[in-house]
Amino acid sequence: MSNGNSVRLIPLGGLEEIGKNMLLLETEQDILVVDAGQLFPDEELPGIDLVIPDFSYLRKKAAKLRAVIITHGHEDHTGALPFLLKEFNLPVYATRLTLGLIKAKLAEHGLAKKAKLREIKPGQTLNLNSFQVEF
């Protein structure tokens, strides 16, 4: 962070479970979303195909949303991205390989042309309002 504000870390999924990874970094002015994963249900959830994080908090704070940063291309980190992007028009930052996986997923959901995908490189620094992120 470059402006000295405090940061709240808000997990919307991924704690005490394998999957559904989503973490929010929130300052007074901005929110970054880190990962947007899904969870594959087990036999305790018959008839459910996939489980995604609850976006209720994001809906309340939509004006503060700035970007999505995807750490890697596994489904537990990218599977909810199409659902997130259907609701929020956000740029998505990821490495080239991860973007390739994401593009295929977004195409399945009719979002390939609409999505704002941004390639990042190792060591690159990105300024996103309150945040300075190094990859």
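Modeller: Helices (H or I, at least four residues) and strands (E, at least two) are DSSP runs, numbered from the N terminus. This is a predicted model: local features need pLDDT of at least 70, side-chain atom pairs count only at pLDDT 80 or more, and totals for chains, interfaces and linings use all residues. Residues are numbered from 1 along each chain as its sequence is written, and side-chain values use heavy atoms, with hydrogens and water left out.

Colleague: Where is Asn-21 found?

Modeller: Asn-21 sits in the loop between strand 1 and strand 2.

Colleague: Is Asn-21 buried or exposed?

Modeller: Asn-21 counts as buried, because its relative accessibility is 15%. The cut-offs: buried is under 20% relative accessible area, exposed over 50%, partly exposed in between (1.4 Å probe, protein chains only).

Colleague: Which side chain makes a polar contact with Asn-21?

Modeller: The side chain of His-77, at 3.2 Å. That term means N or O atoms within 3.5 Å; within protein, one must be able to donate a hydrogen and the other to accept it, and residues adjacent in sequence count only if both atoms are side-chain atoms.

Colleague: What else is Asn-21 in contact with, leaving aside neighbours within four places in sequence?

Modeller: Gly-13, Gly-14, Asp-35, Ala-36, Gly-37 and Asp-76 are on the list with His-77. Contact here is heavy atoms within 4.5 Å.

Colleague: How do strand 2 and strand 3 run?

Modeller: Antiparallel: 4 bridges join residues 22-26 to residues 31-34. Glu-26 stands opposite Ile-31 of strand 3.

Colleague: Now charges. How many salt bridges are there?

Modeller: The whole structure has 8. Each is a side-chain nitrogen of Lys or Arg within 4 Å of a carboxyl oxygen of Asp or Glu.

Colleague: Which residues are linked in a network?

Modeller: Arg-8, Glu-26, Lys-61 and Lys-64. Glu-26 is buried at 3%. Its closest N and O atoms are 4.0 Å apart with Arg-8, and 3.4 Å with Lys-61. Lys-61 is in the loop between helix 1 (56-60) and strand 4 (65-69), 35 residues from Glu-26. Arg-8 is partly exposed at 48%, and Lys-61 is partly exposed at 26%.

Colleague: What about Arg-59 and Glu-87: how far apart are the closest N and O atoms?

Modeller: 2.7 Å, in a salt bridge. Arg-59 lies in helix 1 and Glu-87 in helix 3 (residues 81-87), so the pair ties together parts 28 residues apart in sequence. Arg-59 is partly exposed at 45%, and Glu-87 is partly exposed at 38%.

Technical notes
Two strands pair if DSSP finds at least two bridges between them.
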